[in-house]
Amino acid sequence: MRLNTQTDYALRLLMHLAVNSSRLVTIQEVADRFSISKNHLMKLASTLTREGFVTSVRGRSGGLKLARPPERITVGAIVRCMENDFALVECFQAERSECLITPACRLKGVLNGAAAAFLAELDRCTLSDLVQNNAPLERILA
């Protein structure tokens with residue numbers, strides 16, 4: 001399984017906001033820090049704001065901040081928000097499946113279990129777990 005670029009950037013943005021929770025962070029600052037397109041980050045920030053992870057303050061002295069404490073944001077929730085396809089193989093999409101063995105195949109159950117375990121592990125980790133007491137990360141992002 002591979003997470004899409006959008007999810008990767010969303011996780012980086014949220015970690016940056018968590019490390020800098022005492023102030024508003026601009027999109028330009030994050031774009032410069034990670035060498036990511038400002039336009040791409042604006043779309044991500046819009047999605048994360050709409051989904052309740054981020055609060056956006058408009059205006060000249062505006063910026064972004066976490067909408068809730070980092071210990072209340074799980075990595076699993078972020079991944080579910082940003083990923084649009086957890087279909088690991090074609091038979092996960094019944095309307096598109098052309099696989100001959102689908103009616104008798106047990107692989108789908110194994111893969112479903114693996115995907116569920118993957119997301120369960122991500123649900124155990126919060127944004128706080130990623131940034132708290134992480135001095136090297138703070139030196140990079142603060």
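Predicted model: local features only at pLDDT ≥ 70, side-chain atom pairs only at ≥ 80, totals over all residues.

**Entry 1: the hairpin**

I started with the two strands. E1 and E2 form a hairpin with five residues between them. I checked the turn too: Gly-59 sits there with a positive phi of about 110°.

Next I looked up how the strands pair. E1 and E2 run in the antiparallel sense, paired over four bridges. I jotted down two of the facing residues: Val-54 stands opposite Leu-66 in E2, and Val-57 stands opposite Gly-63 in E2. I also reminded myself of a general point: side chains in a regular strand alternate between the two faces of the sheet.

**Entry 2: the whole chain**

How many helices and strands does the protein chain have? I counted seven helices and two strands. Reading along the sequence, I got the pattern α-α-α-β-β-α-α-α-α. I then looked up the extent of the C-alpha trace, which spans about 60 × 30 × 25 Å along its principal axes.

**Entry 3: H1 against H3**

On to helix packing. The axes of helix H1 (residues 5–19) and H3 come within 10 Å and cross at roughly 75°. Angles of 65 to 115 degrees count as roughly perpendicular, so that is what H1 and H3 are to each other.

Which residues make the contact? From H1 I wrote down Gln-6, Tyr-9, Ala-10, Leu-13 and Leu-14, and from H3 His-40, Leu-44, Ala-45 and Leu-48. Sorted by class, the contact of H1 with H3 has seven nonpolar, two polar and no charged residues.

**Entry 4: H4 against H5**

Another helix pair. Helix H4 (residues 75–82) and helix H5 (residues 107–123) have their axes 6 Å apart and pack at an angle of about 125°. That makes H4 oblique to H5.

On the H4 side I listed Val-75, Gly-76, Ala-77, Val-79 and Arg-80; they meet Leu-119, Leu-122 and Asp-123 in H5. By class, the contact of H4 with H5 comes out as five nonpolar, one polar and two charged residues.

**Entry 5: the largest pocket**

Last stop: empty space. Rolling a probe the size of a water molecule over the atoms shows where it is left. The largest pocket has a volume of about 350 Å³. Of the 17 residues that line the largest pocket, Ile-27, Met-42, Ser-56, Val-57 and Leu-64 are the closest to its centre.

Where does the lining come from? Helix H2 (27–34), helix H3 (38–50), strand E1 (54–57) and strand E2 (63–66) each supply at least two residues. H3 gives the most, with five residues. I sorted the lining of the largest pocket by class as well: six nonpolar, eight polar and three charged residues.

Terms used. Residues numbered from 1 in each chain as written. Heavy atoms only, no water. Axes fitted to C-alpha atoms, helices over the stretch in contact; angles between N-to-C directions. Parallel < 35°, antiparallel > 145°, perpendicular 65-115°, else oblique. Contact = heavy atoms within 4.5 Å. Nonpolar A, V, L, I, M, F, W, Y, C, P; charged D, E, K, R; others polar. 1 Å grid on protein atoms, 1.4 Å probe; cavity = no way out; pocket = protein on both sides within 12 Å on 5 of 7 lines; lining within 4 Å. Points joined across faces, edges and corners; volume = space filled by probe spheres on them. Pairing = 2+ DSSP bridges.
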